[in-house]
Amino acid sequence: MSPYGFSSGDPQADRRFAFAGALAASGEMGPAIEVLTSALDLAPDWAAGWYQLGDWHAAAGQNEAAGAAWRRVLALDASDALGAGARIDLLGGQPVSESLPPAFVETLFDQFAPRFDEALTARLGYRAPQLILEALDRAGFERAARAMDLGCGTGLMGEVLRGRCGWLGGVDLSAGMLARAEGKGLYDQLAKADINTLEIDGAGYDLIVAADVFTYVGALERVIAWCAGSLTPRGRLAFAVEAGEAGVALRDSRRFAHGRGYLAELLAAAGLEGVSLTDCVLRQDRGADIEGFIIVCCAPEAGRDREGDGALAAII
Ligand SMILES: C[S@@+](CC[C@H](N)C(=O)[O-])C[C@H]1O[C@@H](n2cnc3c(N)ncnc32)[C@H](O)[C@@H]1O
């Protein structure tokens, strides 16, 4: 039985779920919850069913019951491929997770991969890759001998960057997204990995980019330390994040937003310097602009210490 598909594995429970779905679609949340609860009596290990039950309880304003249903999801699937933990965090109004579960990000983007390019560029006006390249140009970037694209997805960043680098690598959690990137033939090397667990291996990049990826990572200390340790002297780091008020905040969209002060301290602590921050609109979401920051900074010259507060004044 797959806990993630629409089927519970029990035909009678599936029929009840279909009926519950029709009730919910017509706004009858109480009866929908009742019928889905009876379906879960028949299929108590169906994580997706419990996740849906939490959703409907939340829609009906029953936060306690929603939390209980999502905790049931976590008990059934510790990898949290459905992202129930973030929903629980958001109920409390206080994000307790520093990052989204890798299994959730992987499932989300594996499902999204076949329609990602069309959805992002044609419908949502996604522009982070172009904005990053424009910001790099303003910072005097010409060409990279070795570049790394963190969270490369289907390769939209690679499409704008390929002509400006000698060697281009990409890392992503989602095999579905990586398969699309592979199909475009833009990257010299692609790897399936969590950017939060990368080890500094001395490879050395004179450019590292991350377009709309840190929004799924949350706390950036580890990945920024990796970037700082992997850049060659004067190598550049460029990334796009959703613009937040302060610190790191988990939004209802289950994406993180980052504040200017947090970013300034983070980059300074990692010894990165020459920081520029540009306000922008990254894309649309349900008709609204998603405001973002494009950040470009660089590693110190060879022989210089990576500590200091050079980043702070530039972007606060
Ligand atoms: C919104 S897409 C952006 C993809 C690409 N950078 C672009 O601009 O089109 C976010 C990508 O980040 C990847 N991702 C999110 N968290 C990740 C992590 N911790 N490690 C590796 N990849 C991650 C997702 O799998 C997805 O492909």
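## How to read the model

Residues are numbered from 1 along each chain as its sequence is written, and side-chain values use heavy atoms, with hydrogens and water left out. Because the model is predicted, local features need pLDDT of at least 70 and side-chain atom pairs count only at pLDDT 80 or more, while totals for chains, interfaces and linings use all residues.

## Around the ligand

Let's start with the ligand.

An N or O atom in the side chain of tyrosine 126 is 2.5 Å from an oxygen atom of the ligand. Glycine 151 uses a polar backbone atom, 2.7 Å from a nitrogen atom of the ligand. Leucine 173 also has a backbone N or O atom 3.2 Å from a nitrogen atom of the ligand. On its own the ligand has 590 Å² of accessible area, and the protein covers 98% of that (Shrake-Rupley method, 1.4 Å probe).

## Rings that pair up

Now for the aromatic rings. The whole structure has 10 aromatic pairs. Rings of Phe, Tyr and Trp (its six-membered ring) pair if their centres lie within 6.5 Å; planes under 30 degrees apart count as stacked, over 60 as edge-to-face and the rest as tilted.

The ring centres of phenylalanine 17 and tryptophan 46 are 5.0 Å apart and their planes are at 90°, so this pair is edge-to-face. Phenylalanine 17 lies in helix 1 (residues 11-25) and tryptophan 46 in the loop between helix 2 (29-42) and helix 3 (47-59), so the pair ties together parts that are 29 residues apart in sequence. Helices (H or I, at least four residues) and strands (E, at least two) are DSSP runs, numbered from the N terminus. Phenylalanine 17 is buried at 18% relative accessible area, and tryptophan 46 is buried at 0%. Buried means under 20% relative accessible area, exposed over 50%, and partly exposed in between (1.4 Å probe, protein chains only).

Tyrosine 205 and tryptophan 226 have ring centres 6.1 Å apart and planes at 40°, so they form a tilted pair. Tyrosine 205 is in strand 4 (residues 205-211) and tryptophan 226 in helix 11 (residues 221-230), so parts 21 residues apart in sequence are tied together. Elsewhere, ring pairs link Phe109, Phe112, Phe116 and Tyr216 into a cluster.

## Two arginines with positive phi

Most residues other than glycine have a negative phi. Arginine 254 has a positive phi, near 60°. It sits in the loop between strand 6 (248-250) and strand 7 (256-258).

Arginine 286 also has a positive phi, of about 50°, and lies in the loop between strand 8 (273-285) and strand 9 (288-298). Are these arginines buried or exposed? Arginine 254 is buried, at 16% relative accessibility, whereas arginine 286 is exposed, at 77%.

Terms used: A polar contact is a pair of N or O atoms within 3.5 Å; within protein, one must be able to donate a hydrogen and the other to accept it, and residues adjacent in sequence count only if both atoms are side-chain atoms.
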